[in-house]
There are 2 protein chains.
Amino acid sequence: MVAAMQSRISGPRTGRPRSAEADAAILAATRAALVELGWSKLTLGDVATRAGVAKTTLYRRWAGKNELVVDAVAALFDELELPDRGTLAADIEGVVIQFAAVLARPETRSGLMAVLAESTRDDALRERIRTSVVDRQKRLVLEGRARAQVRGELPPEADASDAARSADLIFDMVAGAVVHRTLISAEPVDPPWVRDFTRVLLLGLAGAATGP
Amino acid sequence: MVAAMQSRISGPRTGRPRSAEADAAILAATRAALVELGWSKLTLGDVATRAGVAKTTLYRRWAGKNELVVDAVAALFDELELPDRGTLAADIEGVVIQFAAVLARPETRSGLMAVLAESTRDDALRERIRTSVVDRQKRLVLEGRARAQVRGELPPEADASDAARSADLIFDMVAGAVVHRTLISAEPVDPPWVRDFTRVLLLGLAGAATGP
DNA sequence: CAGTTACGCTACGGCTCGTAGCGAAAGCGA
DNA sequence: TCGCTTTCGCTACGAGCCGTAGCGTAACTG
C-alpha cells in the first residue's frame, strides 16, 4: 500500500523507461552534425542515424530541430565556472576566456546563433535558451560583483533596482563584446584583447561608481 | 543589387538588361517574408510570388537563401549616419540609438542572426556580410573617434597598430553591447540604458588613454 | 533586322519533413 | 510466471521545398 502511494507521485512508473544513453548519444550526434554540416544542412534523420536510434525516437523527445540544438549546445555551457583569482580584474579575465572558448567551438558558433535567430519568433524557444544558456552566464556576473564588493573593489549597491540595472548593463557589455568579437568580427579573444577589454571595462565601472 | 551592378559593369552590354524594379521588389518581398514567416519558414518560391517574378529569375541573381537575405538586410543599414552632435558622448548615444533601432526591426532580428550563423561555415558569405554590414558600422566608430580627437576629447593615437587595435575593441564593445541587449537579452535600448552605457564606456576609454 | 540576354512559365527528380502503424523489447506489479 | 504499460526500431507515406532544365517570348543593341 505504501508502494502504491509512492508510485503515483512522479509521473508514470510503469512501462519501459526511456534510454538515458539514447539521450546522450543523440545530443552528441547533434553536436557532431553541427560541426560537420552546420545548422542549415543538419537533418534530424541524419542525427538519428549517427546516434544509432530511429528517427521516431528523436521526435518523441524533442519537438523539432530548434529544441534539440538548444539542448545540445546548452550542455557546452555547463563547464563555465568562476574560480576565485583574487581580484576583480583576474576574475573577469578568467570568465571572458572561458566564455570565448565555448563560443569559439564550431558547434556553438553555428548552433547557438541559429537558434537565437529562430527564438526571435518563438517565445517558448527564447525562454528555453534563457534558462539553459543565458541565465547560467548571468549568474557569473552576479557572483563576480558580489566577490568584488566583499573585497572592497566595488561599492555596495544603494538599492535593489540600481543593482539589477547595473548587473544587466555589465552582462550585456561583457557577453556582448565577447560574442561580437568571436562570432561577428571573427577574431580571437586572446590575452592582449582580454587585457585591454578588462582595463576599459573596470575603469568605466570604477568611474561610474565614484562620481556622477 | 550587388549581382545586378556586377553584371552591368563587367558583363556584356548587349541583350535585355536586368530589371532594377525586380531587384527592389525581390528584396522588399524578402524583408516582408522575414517579418511574417521568419528565417526558417522563408522559401524562395514564396519570395518570388510576393515579388511578382518567376522563381528562376531569383536564382539567376542570387546563389541561394543566404545571399538573398544578406542583401535584403544590408539595405536596412544604409540609413546609419553619424550626425555631429557636438560631444563624443552625444555622438555615441546617437549612433547607439540608430543601431538599436535597425536591430530591433523584426526582419533584422530573424534575418541577420541567421545569416551570421550560416557565415560561420561559409567564407564567401562571411565576406559578403563584412563588406555590406559590418564595415559600414565600423566606419562610424572611426569617424566618431576622429571627431573626438579634433575636439580634444580623446588624445591622438601613438602609432597605427595601437589605433587599429583600440578601434576594434571599441567597435566590439559598442556593437556587441547593443546586439546583446537587443537580440539576446531582448530588452529595449532606451535612453536610460544608453546613458548608463555611454557613461561607463567613456570613463573607461578616458581612463585607459590617460593612465598606464 | 539579326544578335544577345533576361524573363515567365512549366515540369521534373531528389531530398527532407513529420506522422502513422506495426511488432518486438523492457520494465513493473500481481 | 504472466499480463500491463510504455518505449523502441522499422517501414511507409503524403506533403512541401529545392534547384535546374527547357522553351517560347520580351527587351535592348548595333
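Ala186(A) counts as partly exposed because 18 C-beta neighbours lie inside 10 Å. The cut-offs are these: a residue is buried if 20 or more other C-beta atoms lie within 10 Å of its own, exposed if 12 or fewer, and partly exposed in between, with C-beta atoms placed from the backbone. Ala186(A) sits in the loop between helix 9 (160-184) and helix 10 (191-210) of chain A. Its phi is positive, about 60°, although Ala186(A) is not a glycine. In chain B, Ala186(B) lies in the loop between helix 9 and helix 10. Ala186(B) also has a positive phi of about 60° without being a glycine. It is partly exposed, with 18 other C-beta atoms within 10 Å.

The model is predicted: local features need pLDDT of at least 70, side-chain atom pairs count only at pLDDT 80 or more, and totals for chains, interfaces and linings use all residues. Residues are numbered from 1 along each chain as its sequence is written, while chains are lettered from A and ligands numbered from 1 in the order in which they are written.

Chain A contains 10 helices and 0 strands. Here helices (H or I, at least four residues) and strands (E, at least two) are DSSP runs, numbered from the N terminus. From the N terminus on, the elements read α-α-α-α-α-α-α-α-α-α. The C-alpha atoms of chain A fill a box of roughly 65 × 50 × 30 Å along the principal axes. Of its 212 residues, 35% count as buried. Two residues are in contact if their C-beta atoms, placed from the backbone, lie within 7 Å. Among contacts in chain A with a separation of 6 or more, 67% join residues 24 or more positions apart.

Chain A is divided into domain 1 (15-61) and domain 2 (74-210). These bounds come from an automatic or database domain assignment. The centres of the two domains, taken over C-alpha atoms, are 30 Å apart.

Helix 5 (residues 65-74) of chain A has the buried residues Asn66(A), Leu68(A), Val69(A), Val70(A), Ala72(A) and Val73(A). Their cover includes helix 2 (20-37), helix 7 (106-119) and helix 8 (123-151) of chain A.

Helix 2 (residues 20-37) of chain B has 18 residues. It reaches 25 Å from its first C-alpha to its last, close to the 26 Å expected at 1.5 Å a residue. The expected span is 1.5 Å times one less than the number of residues. Its buried residues are Asp23(B), Ile26(B), Leu27(B), Ala29(B), Thr30(B), Arg31(B), Ala33(B) and Leu34(B). An α-helix has 3.6 residues a turn, so residues three or four places apart point the same way. After helix 2 of chain B comes Gly38(B), with a positive phi near 80°.

Asp162(B) is found in helix 9 of chain B. It counts as exposed because it has 10 C-beta neighbours inside 10 Å. Its C-alpha atom is separated by 24 Å from that of Val133(B), 29 residues apart along the chain.

The two protein chains meet where 39 residues of chain B are in contact with 39 residues of chain A. Helix 7 (106-119), helix 8 (123-151), helix 9 (160-184) and helix 10 (191-210) of chain B each supply at least two residues of the chain B side. Helix 9 of chain B gives the largest share, 12 residues. By class, this side divides into 21 nonpolar, 9 polar and 9 charged residues. Chain B can be laid on chain A with an RMSD of 0.1 Å by a turn of 180° and a shift of 0.0 Å along the axis. That is the relation of a two-fold axis. The same surface serves both copies, as 100% of the contact residues of chain B recur in chain A. The superposition is by least squares on the C-alpha atoms of residues with pLDDT of at least 70 in both copies.

DNA strand D is surrounded by 25 residues, the closest being Gly15(A), Arg16(A), Thr56(A), Arg16(B) and Thr43(B). A residue is near a strand if its C-beta atom, placed from the backbone, lies within 6 Å of it. The surface near DNA strand D has 7 nonpolar, 11 polar and 7 charged residues. DNA strand C is surrounded by 27 residues, the closest being Arg16(A), Thr43(A), Gly15(B), Arg16(B) and Thr56(B).

Definitions and conventions:
Ala, Val, Leu, Ile, Met, Phe, Trp, Tyr, Cys and Pro count as nonpolar, Asp, Glu, Lys and Arg as charged, and the others, Gly among them, as polar.
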